[in-house]
Each structure stands twice: as structure tokens, then as C-alpha cells.
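Morning, everyone. Please take a look at the model on the screen, and then we will walk through it.

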Amino acid sequence: MSAPTGQSLHPGLNLGEEHGDDHLEAETSVFGFWVFMMSDLVTFGMFFAVFATTVPLACCPGPKELFDFGSIAWQTAFLLLSSVTSGMAVLTMKQEHGGRGACTKKLVFWLLLTVLLGCGFLYREISDFISMATAGGPPTRSGYLSALWSLVGLHGLHVTGGIIWCLVIVVGVLVRGVDRRWKLALLRWAVFWHFLDVVWIFIFSFVFLGGLL
Amino acid sequence: MKKSKELHHYLTGFALAAVLTIIPFTLVASVGGARSYIVLVFCAILQVIVHFRFFLHLSFRGQQKEDLQLVLFTGFILFLMIGGTIWVLGDLYTRM
């Protein structure tokens, strides 16, 4: 089976014909990963639904006392920039690793930059969690705070997972070279990473900015 | 697609996403009020579309139709579940 020129086999950036069989191989694995991603999105959706049905109680500090506007802006910037740099990484792979013996330096640079931005995001998020807990808003205080911590925490766990996954890819690419296995891993990881930013759009809009309004 | 065109695609997406992020943030910082919430929702939905279109390369054309259906169906399920939850519990809340 060969793909007609320019036609994409799966959602997300396609490797393209210059990658030969790697491109065809990507169809099933990337589409399968999209199905997983959609089910993950439903999980996030249910966490959002739970959050939407809770109300900040008068007993405890509310959004205005707990949320740090500047920190939320920084986290948003970090994650959006990291989404772009992860796109640059996949684009580098697509454009420069079609043949053999291409230099992996540029690819590793973009991946490590993405990791760095992701760590910046996590650093601000964790320090926000700590200041929220010390300001009288630990997750055990009310239903609203439980829902808030689990929703934002679930996203933070995903980001942590994405960073670890990216580091594994960096090591794999450096040790084994950009072969089919790591190309497919990188394609799927990029979909995962872009999705985390999509989920973050909802979190910063409705949880944080909506709470501060 | 040409190399520079692909790069341009990402950068367009980034510029649009950045604008759609800056609007709600400045709105909350300066204006506030319940009316801003509508703009917030609007910008969020637009930005999700921008991300899907420019970063995840999803479109209405070509073979990606099935993939788009996968995403749209998930969106429908989410709408039912989140909308239903808010509807039912909101209704109970007003009755209390």
C-alpha cells in the first residue's frame, strides 16, 4: 500500500514520503494514540464537570485569595512556548531525518528546550500549590478545593509524564539514532504535548481567570 | 508542503494563540466583571480551534475526515457529560 502524494495518513504532522516505510508505519500507531488521547480528554472533561459543580465556600479562602495572576500568566506562556518548540522538534525530524546520517543536534536542542520550558511551568505550578496550601487552601478544606487540586494536579502529572517521556526520547535518539522506533515515539509524544496545552487553555480560562473575575 | 510553509504554519498558530491568550488575561487584569466571561469563553474556544488547526494539523480535507470525526464525536460526548452534569446539579442547587 502506498500513499498518494501529499495525503496525510493520520492526524498530526505526517512524516511524509521521504521517510518511506516509516511514514506508512506511523498511520496505525499515531491514530491509535489519538484514540487514547480522546479518552484522556474525556477523563479531563469529567474532572472539569466535577469542578464546575462545586462552589467556593465562605469557610475558606476563595479564588481571589488563592490564585496568583502573574504566576498563571507565566505558566501559560511557558506551556504555549513549549508547544511551539515541540512543534519545531517534530518539524526538524520530518524535514532533516528523511535519509540516513542526519545530524541529531538540532532535534535534541528543540526537545531539551521543550523540557526546560515544561520544567519552568512545573516549578511555578508547584510553588503555587505550596503557597495555596499555606494560605489556608489545602485540598482537604472543601469540595471546591478538592476539585481544584485534583484537576490542576492531574494536568501537572500529565506534564511531568510528558517531560519524562521527552527525556527518554532524547536518550533514545542519542543512543540509537533517529530510527523508526523513535520517530514514531516522537510523533506520539508531540500529540500528547500539544494536548496538554489544549487542556491548559480550559484550565487557565475557566478555573483561574474565571475564578478571578 | 514546502519546508518554509510548514514552519510558517506553526508560527501563524503561535501568533494567533498568543493574541487569544493575551486578550482574556488583559481583560481580567483591567476590566473584569461578569460580562468579560463571555469574551473568556469565546477566546478559549477560538484558541482550541487554533491549536487543533495549526499545531495538531486537523482539517476538513482529505483522509483526515475520520480523524476529525473521532475528535468531533469526543467533543459531543464531552458536551453531553459535562453539560448534563452541570444541568442536573445546577437544577438541584436552585431547588435547595
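Let's start with one residue, A:V90. Is A:V90 buried or exposed? A:V90 counts as buried, because 26 C-beta neighbours lie inside 10 Å. Here is the rule: a residue is buried if 20 or more other C-beta atoms lie within 10 Å of its own, exposed if 12 or fewer, and partly exposed in between, with C-beta atoms placed from the backbone.

A word on what you are looking at. This is a predicted model, where local features need pLDDT of at least 70, side-chain atom pairs count only at pLDDT 80 or more, and totals for chains, interfaces and linings use all residues. Residues are numbered from 1 along each chain as its sequence is written, while chains are lettered from A and ligands numbered from 1 in the order in which they are written.

Back to A:V90. This residue is found in helix 3 of chain A, residues 69-96. Helices (H or I, at least four residues) and strands (E, at least two) are DSSP runs, numbered from the N terminus. What does A:V90 touch, leaving aside neighbours within four places in sequence? A:V90 is in contact with A:L13, A:L186, A:L187 and A:A190. Contact means that the C-beta atoms of two residues, placed from the backbone, lie within 7 Å. Now take A:W110. A:W110 and A:V90 are 20 residues apart in sequence, and their C-alpha atoms are 8.9 Å apart in space.

Now zoom out to chain A. Chain A has 6 helices and 0 strands. Its C-alpha trace spans about 65 × 30 × 25 Å along the principal axes. Of its 213 residues, 42% count as buried. Take the contacts in chain A between residues at least 6 apart in sequence: 76% of them join residues at least 24 apart.

How confident is the predictor? We read that from pLDDT, the predictor's confidence in each residue, from 0 to 100. Chain A has a mean pLDDT of 89, and 95% of its residues reach 70 or more. Helix 4 (residues 105-134) of chain A has the highest confidence, at 96. Helix 2 (residues 63-66) of chain A has the lowest, at a mean of 89. Watch residues 1-5 of chain A, though: pLDDT stays under 50 there. For that stretch the model has 5 contacts beyond four places in sequence.

Next, helix 4 of chain A. Its 30 residues should span 44 Å at 1.5 Å a residue, and the end C-alpha atoms are 43 Å apart, which agrees. The expected span is 1.5 Å times one less than the number of residues. Buried residues in helix 4 of chain A include A:L107, A:L111, A:F121 and A:M132. Which helices do the buried residues of helix 4 of chain A pack against? They pack against helix 2, helix 3 and helix 5 of chain A. A:Y123 is in helix 4 of chain A as well. A:Y123 is partly exposed, because 13 other C-beta atoms lie within 10 Å. After helix 4 of chain A comes A:G136, with a positive phi near 90°.

On to helix 5 of chain A, residues 143-176. Helix 5 of chain A has 34 residues and reaches 48 Å from first C-alpha to last, close to the 50 Å expected. Just after helix 5 of chain A, A:G177 has a positive phi of about 85°.

Helix 1 of chain A has 32 residues and reaches 46 Å, close to the 46 Å expected. Helix 1 of chain A also has a kink of about 35°, centred on A:E27. That bend is the angle between axes fitted to the seven residues ending there and the seven starting there.

Now chain B comes in. Chain A puts 39 residues in contact with 39 residues of chain B. Helix 1 (21-52), helix 3 and helix 6 (180-212) of chain A each supply at least two residues of the side of chain A that touches chain B. Which helix of chain A gives the most? Helix 1 of chain A does, with 11 residues.

Last stop, B:H57. B:H57 lies in the loop between helix 2 (36-55) and helix 3 (65-95) of chain B. B:H57 counts as buried, because 23 C-beta neighbours lie inside 10 Å. Its phi is positive, about 55°, although B:H57 is not a glycine. Most residues other than glycine have a negative phi. That's my tour, thank you.
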